[in-house]
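This report describes a multi-chain model for a reader who is new to it. Please view the sequence and the structure below before reading on.

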Amino acid sequence: MILRHGIKLDQQKTASLRHKIKDLPAPEETEPPKRLPPRKGELNAAAIIAAAQGAGIVDEFDGVPLFQKLKRLRRLKPNMIVACCFDEDPCTTSAMATLRENTNAIISGLVLAAQACGAKENKIAVATRREAKIIHKINSQADLIFAGERYPARLLLKKKLFSSGKNAAYIGAQACAALLAAVDDGDLQTSAVVTVAGDGVEHWRNVRARIGTPLKDLLEFCGVSEKTTLVVTGSSITGKAVTDLNEPVSAATRCVIALKKAPKYREYPCIGCQRCAHACPRGIVPWKVHQELLSAEPDPLRLTNVQKCIRCSACSVACPSGIDLTGAVQKAAHLKKSGDFLDIT
Amino acid sequence: MTLLNAKAPYLKKEASVSSMMRDTLIALAFLLILPVVRYGVRPLVMAGMTLLVCALCEIAWSLLQSRSINASDCSSMVTGLVIVLLMPLNAPMWLPCAAAAFAILVAKKPFGSTGHTPFNPAAAGVAFATLLWPQQMFAYFNPSAHEALPAFADCNVGTVPSPAAVLKNGLKPDILPMDMLWGVFAGPVGTTGILVVCACGLYLFLKRTANWEITACCLLGAALMAALWPRIACIPLTSVKYELMSGSLLFCAVFMLTDPVTSPRTWLGRVIYGFFAGVLIMLFRRYGAYEQGAAFAILIANAAVPHINSLVCGDRRWGEELYEE
Amino acid sequence: MTTFAQMMITALLAVTTENILFAGGVGFSHVLRAARRPKTLGVYSLFVALFSLFSAVGGSWISAKLAGSVFRPVLFPSAAAFCAALAYILVALLLKFLPFPFYKQYGQVLAPAAINTVVLSMPFAVNRFSLSPASAVGYALGTGIAFYLAAGFFARAMPELKNDAMPKAFRGLPATLLYIGILSMAFAGLVGTKLF
Amino acid sequence: MRNKGVLLRETGTIFLNGVFYKNPVLVGALGMFPVVFAGDDLKNAAELSLLYFFLSVPLSFFFCLVGEMVPAWIRPGLVLASSAIFYLPAAWLTDKIEPGSIASLGMAASLMICNSMMISRANEYAPTHIGLAVAADALGCSAGFMLVITLTVLIRSFWKTCTDPAGTVSVSLPFFGFLILGFLAALVQGINEKRSQKAGKKKVTRG
């Protein structure tokens, strides 16, 4: 129990997974997408990376252009490459939907990526055993590893693989499919799968929208109600609130959440229940950082490994007293980094 | 539609302090059902009056402080209910109200409510009532005599010594340990239903409102003390059974010791704290002046919590100036 | 062996049931003073134990000599206080001329530790519990340990009693007094009646 | 010499500080033992206040005169020794006023010798201040002590009426005294807070 950090959230994924991915009809006057010039030489690593660069593929796992990532990985020589087909955010299901619908494309795209960066094994990371059974029905000999459902699943998977001695690289599900499309029939990455969820939307869908379509069309396509007061992109835990709706969809937006009423947490004093310390996957003790910042003059030596925080805000979600622990840890990291405490008089 | 900008975690959290307090309240209300079924409506009236007094104290204090009244969560309700459940049923109506007023006005509010109380307010309230009104606190009516208990008025019914009192004088209580489980013996309102207390404890542990390790280690410590130094001449097993089931040990271990504010922060600290509290409760029973020593033992255990925290947490503050002059 | 066991038992009693600090309410201004400087806490309680040892032994000797006189209730305390003062002056002299700088570091702790109500109440405790000389020594050591524990508790609790969630009128000393009140309430549950 | 008016007002403030605003028991947490231990009926309170008055005034005066000449590290011992000596006439006087009082008080009276309030006054305050200030301070402290111990006794006697017959002994236990002292100290601190805020506001409006 001590090793498995992170928190268990109640998943709201079934609603949007039930339906197939819907295509947002592109507005009429856009011209058909251009094609890449046909490849001349045989298929080697450099050709794959050139195709990825030509197609302008952006990896939605961490928002890094795919060709830069593959170039860096070729230098680092990881011994395993993992396609992350799971979503750590409770409302998002875009990666799982893409895996369910084009499993073989992702598998072969992953083989191409492994060939590009010289990794020996390639695996597909899936959330739970139930999901693995469905995938095995589609393609039986896909080898899968499990990332679990505890939030933040990505980091926990990285920790698990790192502790089992594997030097692993991670790539997004849609990036693999786009890589295969770019290498085989040379078309560019023009669309991204986005989950639209939240109680402000009538029916929750996974929508394949062209990159650049404003959020307003996406929400109207899924029937947004007038009473939504908050629209969030990114993730329901670490996402960013959007104030004007004609912000474009980018390859890295995985979900759009429309909420009728912003959840309000009343803040109580810390009762010392230790849930934030259990939730933090990076081994920080957030309540001690919070207590230290409240004391008269915070002593930076006592803010242990505050700079390792990845801002997954699992601690703020876990805290029953509603304290903004992520902000406290950020302030502590800033205080420690800025060095404005060095007044050794 | 106008869109507003809100801060990061947007999803509805399930565990919050008020939901934890509500769980505890539900568990405590469960304990009231058994006495109501058996002895009539008096427990409900008692609980209602005490909760009313708690609410009035809260409002009076926030008026005094000219702070907004609704800032309070229902943790004072929990304190009030715990105090009622530790009182005898035939206690006069003002006794739990006085104990609850003391708990809120002296043990909780002056130290900064909810998050900063060094002592468990309910334990302080019960200790205060035991010290000032010992006769009323330990005069338990005879449950098997089936006298009707009036709802409001002070009832003068025959009182019978509770198993804890009999144990204190070193005699064997005449009730067999096994049928002590059903709770038809003289004792405080909430602590006699042993099975119900265990069920409520399990409910709290499963919902992770209370930490199970404190209760487990407290019972372990008490059982060890009872087995090694039995107070009555019998085989260690029966002595352990009598000690665990009589008096308010089980109730205090489940509800008062697991209060997250006054328990240590780390897992190992909680184990030490539970064991220390169990041993203290047994010491107070053997050498204390009153038959129910649990409330006093909990106060001393709470005083030792900062020690355990610094011992186990390792933030070695001992060296330099803790409190600048 | 039995005198040593007797001493241990009285020391244990001095910490628990016959705890003159919490159950008797003696000498809390000095406990708070020691708690405010946790660095010198150990030496402070060591001095308290030492001086209560002197006054316990001196007290029982003086009460033996003054048994007969009619002014006993008045003469006895002043004689005991006089001998405590002499003990302080002797120890201060001794420490001042020690080679290593002991006095400079713990000098200002010596005076309050030597002259406080805990030390002077020793002879009365010896009479009240009618202790033999050996158990008187045990009682004095026990009181030193009780002082150390009490000051340790307060040194840890002090930062918690000054937070800003408390009303302004209760910050600092009033909260500490309430803390002492509730803690000595717990010890009152152990003792039940007046100690002296 | 400063003119009479300033001197008089200063001693007035010293006296008032001693009595209420900087009451040594409630603000300095000194000399709590007699209040907590023996403060349960008016006779005790009166005798203890008298004893404190007869003991602290001569002691403070003695150390106001001789305090400078004694080296710092030996002065506490001297204070205790002289307090032991002054205890004899003080006890005799209180016994003269109320016969049998010293015997009935027992330990509370004899522990007055090393009352930390009196010791700290004689040790730190008396040597460095002029006679008048020391007198005002000694009077203020004894008046403050009397105020606190009578208040404690009144509150305790009220609580004695509404407790169990077996509970009255625990009202006179020290824990009750500490709780009362805690609330009185909070009262004094609250009033001081209000005074400093008012003084702060007044300075702002005038400035």
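## The contact between chains C and D

In this predicted model, the contact between chains C and D takes 44 residues from chain C and 44 residues from chain D; two residues are in contact if their C-beta atoms, placed from the backbone, lie within 7 Å. On the side of chain C that touches chain D, the elements giving two or more residues are helix 2 (28-36), helix 4 (72-96), helix 5 (102-114), helix 6 (117-120) and helix 9 (173-191) of chain C. Helix 4 of chain C supplies the largest share of that side, 12 residues. Helices (H or I, at least four residues) and strands (E, at least two) are DSSP runs, numbered from the N terminus.

By residue class, the side of chain C that touches chain D holds 28 nonpolar, 13 polar and 3 charged residues. Here Ala, Val, Leu, Ile, Met, Phe, Trp, Tyr, Cys and Pro count as nonpolar, Asp, Glu, Lys and Arg as charged, and the others, Gly among them, as polar. Among the 5 pairs of chains in contact, chains C and D share the most contacts. Chain A and chain D, by contrast, do not touch, and their nearest C-alpha atoms are 20 Å apart.

## Basis of the description

Residues are numbered from 1 along each chain as its sequence is written, while chains are lettered from A and ligands numbered from 1 in the order in which they are written. Because the model is predicted, local features need pLDDT of at least 70 and side-chain atom pairs count only at pLDDT 80 or more, whereas totals for chains, interfaces and linings use all residues.

## Chain B as a whole

Chain B contains 13 helices and 2 strands. Its C-alpha atoms fill a box of roughly 70 × 50 × 40 Å along the principal axes. The radius of gyration of chain B is 20 Å, which agrees with the value near 20 Å for a compact globule of 325 residues; this radius is taken over C-alpha atoms, and the globule rule is 2.2 Å times the number of residues to the power 0.38.

Of the 325 residues of chain B, 55% count as buried. A residue is buried if 20 or more other C-beta atoms lie within 10 Å of its own, exposed if 12 or fewer, and partly exposed in between, with C-beta atoms placed from the backbone. Among contacts in chain B with a separation of 6 or more, 73% are between residues 24 or more positions apart.

## Helix 3 of chain B

Helix 3 (residues 75-85) of chain B is mostly covered, with 11 of its 11 residues buried. Its buried residues include S75(B), M77(B), G80(B) and L85(B). They pack against helix 1 (17-39), helix 2 (42-64), helix 4 (94-108), helix 5 (121-132) and helix 11 (249-256) of chain B.

## Annotated spans

An unreviewed UniProt entry gives "transmembrane region" for spans of chain B including residues 44-64 and 76-106; such annotations may be inferred rather than shown by experiment. Residues 44-64 of chain B are 100% helix and 0% strand, with end C-alpha atoms 30 Å apart. Residues 76-106 of chain B are 74% helix and 0% strand, and their end C-alpha atoms lie 13 Å apart.

For chain D, the UniProt record (unreviewed entry) places this feature at spans including residues 130-159. That span of chain D is 97% helix and 0% strand, and its end C-alpha atoms are 43 Å apart.
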